[in-house]
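Colleague: I'm new to this one, so could you take a close look at the aromatic rings for me? Then walk me on from there to whatever else stands out.

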Amino acid sequence: MTSKVIPVPPFDMVIFGATGDLSQRKLLPALFRRDASKQIPDAARIIGLSRLDYNQEQFRQFALDALNKFIPAAELKPELVERFLKRLDHLHNDVTKPEGWQPLRDLLNEHPERIRMYYLSVGPALFGTIAKGLASVGLNGANDRLVVEKPLGHDLASAQELNRQITTSFEERCIYRIDHYLGKETVQNLMALRFANALFEPLWNANAVDHVQITAAETIGVGSRGGYYDTSGAMRDMVQNHLIQLLCLMAMEAPYAFNADAVRDEKLKVLRSLRPLKGHDALRNTVRAQYLARSNEPSYVEEAGNPNSHTETYVAIKAEIDNWRWSGVPFYLRTGKRLRSRLTEIVVTFKEPSHCVFSNIHAPLQPNKLVIRLQPDEGLQLHIMTKDPGPGGFRMHPTALDMTFAEGLGPDWRMPDAYERLLMDVVRGDQTLFMRGDEVEAAWRWIDPIIGAWEDTGAKPDTYESGSEGPIASLELMARDGRRWREMVV
């Protein structure tokens, strides 16, 4: 297995909110690593834009501090750092004031032929304002690309309004709604696994699959983000975007071609095929809960500063897709904070053989499972039954065929961060791994009635022990169907 770096065309990137947390933690480190890999051409520029009155050297020092904090020292070779910092510039701009746009236009028009990327690392309340400001000075042409981060709305109505605001100034083909989960190597390999191999396609349906589990678990709590999180919760923060997107990639039909709209058309069909969960059905097929305190770590309500909070830090859902391929196959989704392990994985559990010829062997057969691990240790495992070696009788046990990407690529290989891939895809103009506006709205149409059913009860969420695998009700959700969650073991 090998990895190949393909350079991208010259570009200018403008980071709105360039001195914020996302820029420091993710964007600047990702750009440095792509530059160190010689994927970014010499002519490319990175322009930070913020309300701080930084000059060029002050912004470069901010970027250097970010690299020192979030990248291992062994990667920070002086010549690479110097080359990257020389790309950086900074503009002071209050995006709410019309006079601030002309200096940006003048700077970018020094190289009008280049691709321009505008990364909105700001709150969604400013998305429409920034899009309108860029359009007001003609920075919304065919080579201009607008990148927006979640949250993409708080509900369906706000998502529709957000889409209206940004599509008034930019064409849909120039808008990149980023979900960093879709940039993970294993997510992309999921499409390769399904559509580049004849092995799995005949089995990828209700005839062979018993059920699918999608898990995104974190060991940390909300910490200092408690105030923000209490207006969001696990459903809006994780399920509506990340987990729903993974479900779509698992369940979608083969696109007619591997291009952005073909892939997103098939994902949209899945979203429209999700069986609605309303009222009693929503309450029966979902679980929500909050983590409790442990040792010296506070509970969620303490971190949120709201003892009466109804905001969930854990969600489990039994989802069903009403189409020919997946009729009768449940998709179980779960996500939570302060859980036992930090992991994100998809588990496809296949049905047992229709006839067991080993009925005289006392050890029970276990169903085959395909485990797709997104983090940590990205890779694939196929669990099959094999015979124990040796002459001690015919004994069987499950064996995992393991393809961990880091092992396959050697000890010097570093798995690129999702932002590294996605930022370069924006430069290339490849929207395959980005959400389209109608996708976002379709996901909210399915999510909104569930949240509404919770709110209508007026009941507080269940609770669960910090460091556990979630609330008892989540186990019961699976047990009703004679199934159980895969243990959270890293």
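Modeller: Let's start with what counts as a ring pair: rings of Phe, Tyr and Trp (its six-membered ring) pair if their centres lie within 6.5 Å, and planes under 30 degrees apart are called stacked, over 60 edge-to-face and the rest tilted. This is a predicted model, so local features need pLDDT of at least 70, side-chain atom pairs count only at pLDDT 80 or more, and totals for chains, interfaces and linings use all residues. Residues are numbered from 1 along each chain as its sequence is written, and side-chain values use heavy atoms, with hydrogens and water left out.

With that ring rule, the count is twelve aromatic pairs. One of them is Tyr 332 with Trp 485, an edge-to-face pair at 6.0 Å centre to centre and 75° between the planes. Tyr 332 belongs to strand β10 (residues 330-336) and Trp 485 to the segment after α16 (472-479), so this pair ties together parts that are 153 residues apart in sequence. (Helices, H or I with at least four residues, and strands, E with at least two, are DSSP runs numbered from the N terminus.) Both Tyr 332 and Trp 485 are buried; buried means under 20% relative accessible area, exposed over 50% and partly exposed in between, with a 1.4 Å probe and protein chains only.

Now for the cluster. Ring pairs link Tyr 229, Tyr 291, Tyr 300, Tyr 314 and Tyr 464 into one group.

What about helix packing? Helix α9 (residues 233-251) and helix α15 (residues 437-457) have axes that come within 10 Å and cross at roughly 135°. That makes α9 oblique to α15. Here axes are lines fitted to C-alpha atoms, for helices over the stretch in contact, with angles from 0 to 180 degrees between N-to-C directions. Under 35 degrees is roughly parallel, over 145 roughly antiparallel, 65 to 115 roughly perpendicular, and the rest oblique.

On to the cysteines: a search of the whole structure turns up zero disulfides, where a disulfide is a pair of cysteine sulfur atoms within 2.5 Å. Cys 174 is buried at 3% relative accessible area, and Cys 248 is buried at 0%. Val 187, found in helix α7 (residues 185-195), is buried as well, at 1%.

Most residues other than glycine have a negative phi, and most peptide bonds are trans. Against that background, a cis bond joins Lys 150 and Pro 151, with omega about 5°, and Pro 151 sits in the loop between β5 (144-148) and α6 (156-169). A cis bond also joins Gln 375 and Pro 376, with omega about -15°. Pro 376 lies in the loop between β12 (369-375) and β13 (379-387), and Asp 377 is found in the loop between β12 and β13 too. Asp 377 has a positive phi near 55° without being a glycine, and counts as exposed at 56% relative accessibility. Lys 38 is not a glycine either, yet has a positive phi of about 65°; this lysine is in the loop between α1 (21-36) and β2 (45-50) and is exposed, at 62%.
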